[in-house]
Amino acid sequence: NHLNYIWKPTGELSEEESWGIIALLNSSLIDKYFRIINGNTQVNASEINTLPFPEYSQVVHIGKKIIKETEISFSLIDSLVFSELSLMNTFSENII
């Protein structure tokens, strides 16, 4: 098995950046995206590199919100991600 790293070319990722990326990668939106483009459970570096990420400020804002939480769940992650990206909360439930 291989380990993929997400890094910042201009220095270290801040805590907010890291948590924002963690939340995005654990959201049902990204899960559904990978299930559509990839037929297996392996995620390779080229797939991560081509992953459409939201604006930097949105990633940081998601990270700031998730840091404040005491209990993190997938439903909370989806709520924060979908809210920040101005997507309907029911979007994740309706994707096959």
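Axes are lines fitted to C-alpha atoms, for helices over the stretch in contact, and the angles between them run from 0 to 180 degrees between N-to-C directions. In this predicted model, helix H4 and helix H5 (residues 74-84) pack on that basis at an angle of about 145°, with their axes 10 Å apart. The protein holds six helices and zero strands, and its pattern along the sequence reads α-α-α-α-α-α.

**Overall make-up**

- Of the 96 residues of the protein, 28% count as buried.
- Among the contacts in the protein with a separation of 6 or more, 62% come from residues 24 or more positions apart.

**Packing of H4 with H5**

- Two packed helices are described by the angle between their axes and the distance between the axes.
- On the H4 side the contact is made by Gln58, His61, Ile62, Lys65 and Ile66, and on the H5 side by Leu76, Ile77, Leu80, Val81, Ser83 and Glu84.
- Sorted by class, this contact of H4 with H5 comprises six nonpolar, three polar and two charged residues.

**Burial along H5 and the residue after it**

- The buried residues in H5 are Leu76, Ile77, Asp78, Leu80, Val81, Phe82 and Glu84.
- Serine 86 follows H5 and has a positive phi, near 55°.

**Packing of H1 with H4**

- The axes of helix H1 (residues 15-25) and helix H4 (residues 56-67) come within 7 Å and cross at roughly 90°.
- Because angles of 65 to 115 degrees count as roughly perpendicular, H1 is roughly perpendicular to H4.
- H1 contributes Glu15, Glu16, Glu17, Trp19, Gly20, Ile21, Ala23 and Leu24 to the contact, while H4 contributes Tyr56, Val59, Val60, Ile62, Gly63, Lys64, Ile66 and Ile67.
- By class, the contact of H1 with H4 has 10 nonpolar, two polar and four charged residues.

**Aromatic pair**

- With ring centres required to lie within 6.5 Å, the count comes to one aromatic pair.
- The rings of tyrosine 33 and phenylalanine 34 have their centres 5.9 Å apart and their planes at 70°, so this pair is edge-to-face, given that planes over 60 degrees apart are classed that way.
- Tyrosine 33 counts as partly exposed because its relative accessibility is 26%, whereas phenylalanine 34, with a relative accessible area of 14%, is buried.

Note on methods
Residues numbered from 1 in each chain as written. Predicted model: local features only at pLDDT ≥ 70, side-chain atom pairs only at ≥ 80, totals over all residues. Heavy atoms only, no water. Helix = DSSP H or I, 4+ residues; strand = E, 2+ residues; numbered from the N terminus. Parallel < 35°, antiparallel > 145°, perpendicular 65-115°, else oblique. Contact = heavy atoms within 4.5 Å. Nonpolar A, V, L, I, M, F, W, Y, C, P; charged D, E, K, R; others polar. Buried < 20%, exposed > 50% of the residue type's maximum accessible area, 1.4 Å probe, protein only. Phe/Tyr/Trp six-rings, centres within 6.5 Å; stacked < 30°, edge-to-face > 60°.
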